[in-house]
Amino acid sequence: AIRQTDRPTMLRVTTLLLVSSAAIADSLSSRYALGRRASALRGMRSISPMILSAPCRSNPKIRNTEREGLRSTPPRRNRAIITRATWLDSKGVVEVDLPLERCWKMWQRREEIPQWMPWIQAVEVDKKDNDVSRWLLSTEALGQKFEFSWKARNLPPLKNKMIHWKSVDGSMGGSGFASAIQVRNKGAVRFRRVDEEKCEVQLVISFEVPDLLSPIAEQVTPIVDSILQADMDRFRQKALAGELKEFDEMR
């Protein structure tokens, strides 16, 4: 069993391992594609002008077109073998003895999310664009401190039903190996009314994982599920204790 105090650290390490492994796979696929391109280019350079047909040699326009075609035709690539990916979901769900509208407003305050999800160090809302926020994950592993951050853009919400977001492509970065990580992720919080004084809140977080890493990620998913469930239990506890502010209080 995982001790409660170990859960945030485990999720930080697990997330870093998943995204770093995916980054390595993407790097390998890039090198594979570059290698194929280099081989193709070497093959084109080795083609002698003498292989051009006699009509082509005698006709400068045809000859130049054929030579240009040899230089400009892109080498065939087959990156799909490596870069195909699957979205893997992890989730947690709770029933909260509060009106749905109040829980909705608590989740609208993105800066407060680390209170019940301690593996996220900070969420910073962009001052110029309220739909964009920067998420920071930080942990220590193997005697080193690692930081990983990304930007997320809120998608149009379904009021009192769903808040959802997705990572901004190219926004990921961090220290150490995390500086090369570019792995897409997304999340959603769904709300369902049970009665006037109770609602169900479900959190789903998804990572895009290369297919070759899916078996590893699937083994880790139950652990992440248990940690997200603990986060949602923490949300319920803090919400019922009156420790969480609601979005309207910011105005």
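**Close-up views of a predicted model**

View 1. For the protein chain, the mean pLDDT is 74, and 59% of the residues reach 70 or more.

**View 2. The largest nonpolar core.** Take a look at the 40 residues that make up the largest nonpolar core: Trp 107, Met 117, Phe 191, Val 201, Leu 203 and Phe 235 touch the most other members. Elements giving two or more residues to this core include strand E1 (85-96), helix H5 (100-108), strand E7 (185-195), strand E8 (198-210) and helix H6 (214-240). Helix H6 gives the most, with seven residues.

**View 3. Val 201 and the residues it touches.** Now zoom in on Val 201, one of the core residues that touch the most other members. Leaving out residues up to four places away in sequence, Val 201 touches Gly 92, Val 93, Val 94 and Val 96, along with Cys 103, Trp 107, Val 189, Arg 190, Phe 191, Met 232 and Phe 235.

**View 4. Glu 124 in strand E2.** Here you can find Glu 124 within strand E2, which covers residues 122-125. Glu 124 counts as partly exposed because its relative accessibility is 42%, between the cut-offs of 20% and 50%. Beyond its neighbours within four places in sequence, Glu 124 is in contact with Val 132, Ser 133 and Arg 134. Arg 110 lies 14 residues from Glu 124 along the chain, and their C-alpha atoms are separated by 7.7 Å.

Technical notes
Residues numbered from 1 in each chain as written. Predicted model: local features only at pLDDT ≥ 70, side-chain atom pairs only at ≥ 80, totals over all residues. Heavy atoms only, no water. Helix = DSSP H or I, 4+ residues; strand = E, 2+ residues; numbered from the N terminus. Buried < 20%, exposed > 50% of the residue type's maximum accessible area, 1.4 Å probe, protein only. Contact = heavy atoms within 4.5 Å. pLDDT = per-residue confidence, 0-100. Core = buried A, V, L, I, M, F, W, Y, C linked by side-chain atoms within 4.5 Å.
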